[in-house]
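This report describes selected local features of one protein model.

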Amino acid sequence: MHDVRAVRHYSNRAVLHWHEVNANWILPANIAFKTMIKLIPTEKLQTGMFIHDLNCGWMDHNFVRSRFAVKTEAVALKVRALGVKEIYIDTARGLDIVEGPSQEAQEHQVDAALQALATTSASDMPRVSVQREVERAQKLHGDANRIVRDVMGDVRLGKQIQLEQIEPLVARIVDSIFRRADALMPLARLKEHDEYTFQHSVSVCVLMTSFARALELPREIIHEIAIGALLHDVGKAKVADEILNKPAKLTDAEFAKMKNHVVQSKIILQATPGISNIALDVAAQHHERFDGTGYPNKLKGEEISLYGQMGAIVDVYDAITSNRVYHKGMMPTDAMRKLLEWSKFHFKPELVKAFIRAVGIYPTGSLVRLESRRLAVVQAQSADQVMQPVVKIIFHTRGYYLTPEIVDLRRSHDRIVGHEDFATWNIDPLRWLPE
Ligand SMILES: [Fe+2]
């Protein structure tokens, strides 16, 4: 076991450090430099400081940038009003405070939590190797997007939701996840820019179903959770398209209208005959936060139902890993680390860990780099080793395709060193869906 130092690499947030604790938890190459980034309680923010990271998802604020100088008290006030408990400041570019753990200390804690997860057995997820399941999942994913689009179109026209229109689709999604989660999950990761709202709803539904299954909830409850997840953002049908698809940050007034989608979702679902309280909770509480800083009702802790708490985690995970016009999606590993970091206040930590175990640290369908400098697409999660999934090796980082080879990393000397972006290597993720 080596006691580490640091690996850092750039993501769409600040400088991230990774550290290697043992051979089972390896991350990218070493670049070390001095950091002046400090985590401080938001209440200590004052004029003259330089914000390095607002420490919340881009969808939780409407600042144009998440890195800027606090030049006036009005700006400091607006940041405090975000409800984020701690933020990162850059003391090389602005005022410092005396106390406050460094970003390094903070990330050390998060890495330790991820490390603990990496060596924990994943929940038992039996996998049926059925080739047809993949084709079935592709059709299902297409159908799901169309149905959500139709439902939102109807709601926009003032029509009531007919659950009979959705029930068979949800039953197919739950069936597919129970047969083989690895088939549908990768599709949930792929989104077209202009279809974001529908595709996000389908992704949240798929991820929630898989999460609920990993928690071993009864199947009837999972079905209700899936309905709530599919319809959680249906209130966005009442938000103007110019706001929904604005390719820039929203004004305060626009942001308030956007936030109101949760209230709208609740109103619409309450008027839906046959809807369950479970489905309602998922939709009405998916923006509540464990520390009471969410909306619309500022519910706290266990005032938020399990289903609402699950919805919040999955909604944030899918949002921060998705590409938007003005925002590049995070790699899954980075998103998991952010969830763990935010679970200090926003989510229940045990629930975040359960979610990571359900999805995998290297989710099925994601592209990873191996120590041997080859790139591989994750094919399936290993039931007992979340760090060692089954992968299909397809490409060499020297720039050429390899004859595809399926490797179970539990039985290989090769190992994953990090995530890679399909776009960087010009690799089409659809061509390499798990078999
Ligand atoms: Fe939402």
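Two strands are taken to pair if DSSP finds at least two bridges between them. The model discussed here is predicted.

Strand S9 covers residues 390-396 and strand S10 covers residues 400-408; the two pair in the antiparallel sense over six bridges.

| Residue | Helix | Helix range |
|---|---|---|
| Lys78 | H1 | residues 73-80 |
| Glu254 | H8 | residues 252-259 |

Lys78 has a relative accessibility of 32%, and it therefore counts as partly exposed; the class lies between buried, under 20%, and exposed, over 50%. When residues up to four places away in sequence are not counted, Lys78 touches Asn62, Phe63 and Asp252. For Phe63, the separation from Lys78 is 15 residues in sequence and 9.4 Å in space, C-alpha to C-alpha.

Glu254, in helix H8, touches Ile243, Lys246 and Lys249, again not counting residues up to four places away in sequence. With Lys246 there is also a polar contact, formed between the side chain of Glu254 and the side chain of Lys246 at 2.7 Å.

Terms used:
Residues numbered from 1 in each chain as written. Predicted model: local features only at pLDDT ≥ 70, side-chain atom pairs only at ≥ 80, totals over all residues. Heavy atoms only, no water. Helix = DSSP H or I, 4+ residues; strand = E, 2+ residues; numbered from the N terminus. Polar contact = N/O pair within 3.5 Å; in protein donor to acceptor, adjacent residues only side chain to side chain. Contact = heavy atoms within 4.5 Å. Buried < 20%, exposed > 50% of the residue type's maximum accessible area, 1.4 Å probe, protein only.
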